[in-house]
Amino acid sequence: MLAARAVRTPQDPSGLDADPLAFLEVAERDPSPVPDGWVPVTVRAAALNRHDLWTLRGVGVHPDALPVVLGCDASGTTEDGREVVVHAVLSDPDWAGEETLDPRRTLLSERWPGTLAPVVRVPARNLVDKPAELTFEEAACLPTAWLTAYRMLFTNSGTAPGDTVLVQGAGGGVSTALVALAASAGLRVWVTSRSEERRARALDLGAHAAFAPGERLPERVDAVLESVGKATWGHSLRSLKPGGTVVVCGATTGDAPAELNRVFFTQLRVVGSTMGSREELGRLARLCATTGVRPLIDDVLPLADAADGLLRLEAGEAFGKIVVRP
Ligand SMILES: NC(=O)c1ccc[n+]([C@@H]2O[C@H](COP(=O)([O-])OP(=O)(O)OC[C@H]3O[C@@H](n4cnc5c(N)ncnc54)[C@H](OP(=O)(O)O)[C@@H]3O)[C@@H](O)[C@H]2O)c1
């Protein structure tokens with residue numbers, strides 16, 4: 001089967017400076033074994049994420065899993081014809097709590113083969129019904145970027161309709177999801193972006209104002225939604241009202257000083273957020289079906305061209321999600 005894999009070895013030099021594409025292989029390979037009882041899903045569409053670039057760099061991937069099929073996101077069909085979205089969080093079968101809180105959880109492609117292949121195998125409990133209203137390409141965008149945005153906004157930000165949120169970064173998978181979801185939920189949405197063109201596109205997507213990175217805002221906001229890290233963290237803290245909340249799901253540009261004095265003096269809440277539960281994924285899918293909100297798709301490529309998509313993601317050129325079709 002044709003699959004996009006991370007082929008680095010545990011001995012390869014790691015670190016943010018490594019060229020992630022140097023460790024990508026898109027080629028015919030035999031499927032890797034998975035635990036007994038996992039069900040096959042024929043992948044109709046799979047979305048790319050920055051997570052795939054981290055995996056290619058050797059970040060977060062289990063060394064024993066290498067080489068590993070990339071990809072966290074998929075929509076597809078089961079053997080009995082059910083149309084599904086795959087929940088990428090694999091918790092231990094004995095774990096009774098919410099999946100993301102299992103200390104032994106992994107994401108697809110960290111320990112077990114991911115979705116950038118014609119078939120992905122997962123536990124049956126990881127399947128959520130795909131709403132008929134969404135295309136397979138749209139549904140494939142939900143499990144990582146969109147689910148993360150859903151939890152940041154609706155579970156962790158503490159905001160209500162009428163509040164103002166700042167989304168750091170405009171064009172990313174998580175950022176575009178945050179803008180679309182927040183606007184649809186009646187929040188006032190402000191974004192930052194490095195590029196004027198991307199700021200204009202964020203306004204088209206539903207943002208109410210767009211700013212250059214670090215720009216002073218007209219007023220402080222109720223919550224900041226952070227995935228950029230070092231490049232924007234200080235601005236995020238400065239932009240919050242006293243008692244406001246910064247929800248952080250990632251640090252694309254690296255770790256940042258905590259600025260503890262500002263955190264305690266203005267009584268900020270710093271809330272970490274990772275992916276979402278299967279229940280939240282079901283709610284997100286229903287929200288999209290009901291409201292008409294849809295993932296913004298930048299491009300759809302054949303799986304054979306996955307390298308082109310990952311290159312665009314690495315270069316920061318994509319606006320919204322890049323989807324591949326096996
Ligand atoms: N915790 C979780 O469960 C989880 C889930 C999903 C993603 N993440 C993490 O969240 C981050 C974003 O993921 P993604 O898939 O959305 O990535 P992405 O599509 O590559 O988006 C990157 C974003 O970062 C912004 N950005 C990049 N460099 C910047 C800089 N120097 N200054 C300001 N903004 C910059 C971009 O905004 P502009 O280009 O518009 O400036 C863009 O919005 C990644 O680190 C990822 O690993 C975590």
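Guide: Let's start with a term: a salt bridge is a side-chain nitrogen of Lys or Arg within 4 Å of a carboxyl oxygen of Asp or Glu. Keep in mind that this is a predicted model.

Visitor: Okay, which residue does aspartate 129 form a salt bridge with?

Guide: Its partner is arginine 82, and the closest N and O atoms are 2.7 Å apart.

Visitor: And what parts does that pair tie together?

Guide: Aspartate 129 sits in strand β10 (residues 127–129), while arginine 82 is in the loop between β5 (75–78) and β6 (83–86), so the pair links parts that are 47 residues apart in sequence.

Visitor: Is aspartate 129 buried or partly exposed?

Guide: Partly exposed, with a relative accessible area of 48%. Arginine 82 is partly exposed too, at 32%.

Visitor: How many salt bridges does the structure hold?

Guide: There are 18. In general, side chains of opposite charge can pair when their charged atoms come close.

Visitor: What about aspartate 102, which residue does it pair with?

Guide: Aspartate 102 forms a salt bridge with arginine 104, with the closest N and O atoms 3.9 Å apart. Here aspartate 102 is buried, with a relative accessible area of 0%, whereas arginine 104 is exposed at 54%.

Visitor: Which residue does arginine 312 bridge to?

Guide: Glutamate 317, and their closest N and O atoms are 3.7 Å apart. Arginine 312 is partly exposed at 25%, and glutamate 317 is partly exposed at 46%.

Visitor: Which residues are linked in a network of salt bridges?

Guide: Arg5, Glu25 and Arg29 are linked that way.

Visitor: New topic: how many cavities of 30 Å³ or more are there?

Guide: The count is 1. The largest cavity holds about 100 Å³ of space.

Visitor: Which residues line the largest cavity?

Guide: Among them are Met1, Pro31, Val34, Val69 and Arg121. By class, the lining has 8 nonpolar, 2 polar and 1 charged residues.

Visitor: And which strand gives the most to that lining?

Guide: That's strand β9 (residues 119–122), with 3 residues.

Visitor: Where is phenylalanine 265 found?

Guide: In helix α7, which covers residues 260–265.

Visitor: Why does phenylalanine 265 count as exposed?

Guide: Because its relative accessible area is 70%, and exposed means over 50%.

Definitions and conventions
Residues numbered from 1 in each chain as written. Predicted model: local features only at pLDDT ≥ 70, side-chain atom pairs only at ≥ 80, totals over all residues. Heavy atoms only, no water. Helix = DSSP H or I, 4+ residues; strand = E, 2+ residues; numbered from the N terminus. Buried < 20%, exposed > 50% of the residue type's maximum accessible area, 1.4 Å probe, protein only. 1 Å grid on protein atoms, 1.4 Å probe; cavity = no way out; pocket = protein on both sides within 12 Å on 5 of 7 lines; lining within 4 Å. Points joined across faces, edges and corners; volume = space filled by probe spheres on them. Nonpolar A, V, L, I, M, F, W, Y, C, P; charged D, E, K, R; others polar.
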